[in-house]
Amino acid sequence: MPHNIAILGSTGSIGTQTLDVISHFPDRFKATVLTAGSKVDELIEQARVHRPALAIIADESKYARLHEALSPLGIETAAGAAAIADAMERDDFDTVVTATVGYSGLLPTVRAIRSGKEIALANKETLVVAGELVSRLLAESKSKVIPVDSEHSAIYQCLVGEEKGSVNKLIITASGGPFRTMDSERIARMTAREALLHPRWQMGAKITIDSATMLNKAFEIIEARWLFDIEPERIEAVVHPQSIIHSMVEFIDGAVKAQLGIPDMRLPIRYALGDASRLPSSERPLSLADYSTLTFEKPDAEKFPCLTLAPYALSRGGNTACIINAANEVAVRAFLDGRISFPAIYSCITEALEAIDFIACPSLDDYVATHHATIKFTEENLTRK
């Protein structure tokens, strides 16, 4: 019997690649639930091909079109964020691939954990926003998380068979983004079109801009702290422009293990869906002869101040990272729309950190309230400028 999969964000980059992996292993996997934000035509086409039991569109204004197209095929349909969260309690799937972008992944992932589902986690914001809460819920559930982010998947793979006490440091690699070699003055003039030209990865707009600011690396440090239960001071980032080494683990005896591969998200997706087992691939394997040089650099926090937000958030704790994430979501949209400059993304975040009330021990409701308060403040703050 196939392993049944729910995909949150099936029309995005990770979601479409997950469906590609599933299509290569039809006897092993079945897409049972598909959800999308607003791309209803893409969701309809996916549902026609993969025939899930349920398809959900978050944008309720698109529901009539979804229902009209899929109802004759016997596919159940629904709409809205609440419907997506409620679907996580269904008993017709085993694994949830959280492939949504941003805060929207938090509530359904929490519901999936409480229902004991396995989580293939591609939504880093779940642990960025509420890492302490999610870690506590995982400890109380039969649920487990296998990361899909290439960096965290690499660390996960390097840790297999190792004792936790033998780990000295986690080293997360970064491509450096499209502005790595530019000075601050030139970076300040960069447009959204230029920021979207990532040198190595093909990703959605939001995460590509996060790569350009290097906030994604700050988020990955926060995520690693909770995924691997390790002190923040034992996690560091290093710029590796070739993006062949996806991350490394340094051990107490001085040994360093690294996971290498060509930049292709289907490798960590296969690993997560296979429950940390190796599935065969028809893709071209890595040939080290094609890469005569692998280089590493220290990240420049002066040019990319968003990097400093990781140690700040982990040191301050509470709802700090939730504020950072929400303010960034608004700021990135504003930058993509041409309303603010590239450096203003960082400014929007720091202004929100000063304005939003700090909560030392937030509940899930506190995280939700913090997110919405930060969104409201940042949007209003931008209109005043």
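Author: Let us begin with a term: contact means heavy atoms within 4.5 Å. Helices (H or I, at least four residues) and strands (E, at least two) are DSSP runs, numbered from the N terminus. The model is predicted: local features need pLDDT of at least 70, side-chain atom pairs count only at pLDDT 80 or more, and totals for chains, interfaces and linings use all residues. Residues are numbered from 1 along each chain as its sequence is written, and side-chain values use heavy atoms, with hydrogens and water left out.

Reader: Which strands does helix 2 lie across?

Author: Helix 2 (residues 40-50) lies across strand 2 (29-36) and strand 3 (54-57), and runs at about 165° to strand 2. Such angles run from 0 to 180 degrees between N-to-C directions, with axes being lines fitted to C-alpha atoms, for helices over the stretch in contact.

Reader: In what order do the 7 strands of the open sheet come?

Author: The order is 4-3-2-1-5-6-7, and the pairing is parallel. Two strands pair if DSSP finds at least two bridges between them. Strand 4 (76-79) and strand 7 (145-147) are the edge strands, each pairing on one side only. From one strand to the next, the twist averages 20°.

Reader: How many bridges link strand 5 and strand 6?

Author: There are 4 bridges between strand 5 (residues 95-98) and strand 6 (residues 118-121), in the parallel sense. Val97 has Ala120 in strand 6 as its bridge partner.

Reader: Changing topic, at what angle do helix 6 and helix 11 cross?

Author: The axes of helix 6 (residues 125-139) and helix 11 (residues 215-227) cross at roughly 10° and come within 9 Å. The two helices are therefore roughly parallel to each other, a term for angles under 35 degrees.

Reader: And which residues of helix 6 meet helix 11?

Author: Leu127, Val128, Gly131, Glu132 and Ser135 do, and they meet Phe219, Ile222, Glu223, Trp226 and Leu227 in helix 11.

Reader: Which residues of helix 15 are buried?

Author: Ala344, Ile345, Cys348, Ile349, Ala352 and Leu353 are buried, meaning under 20% relative accessible area (1.4 Å probe, protein chains only). These buried residues pack against several helices, including helix 10 (205-213), helix 11 and helix 16 (364-384).

Reader: Lastly, how many residues of strand 9 are buried?

Author: In strand 9 (residues 235-239), 4 of the 5 residues are buried. Strand 9 runs parallel to strand 8 (residues 167-174), joined by 5 bridges. Ile171 has Glu236 in strand 9 as its bridge partner.

How values were computed
Parallel < 35°, antiparallel > 145°, perpendicular 65-115°, else oblique. Buried < 20%, exposed > 50% of the residue type's maximum accessible area, 1.4 Å probe, protein only.
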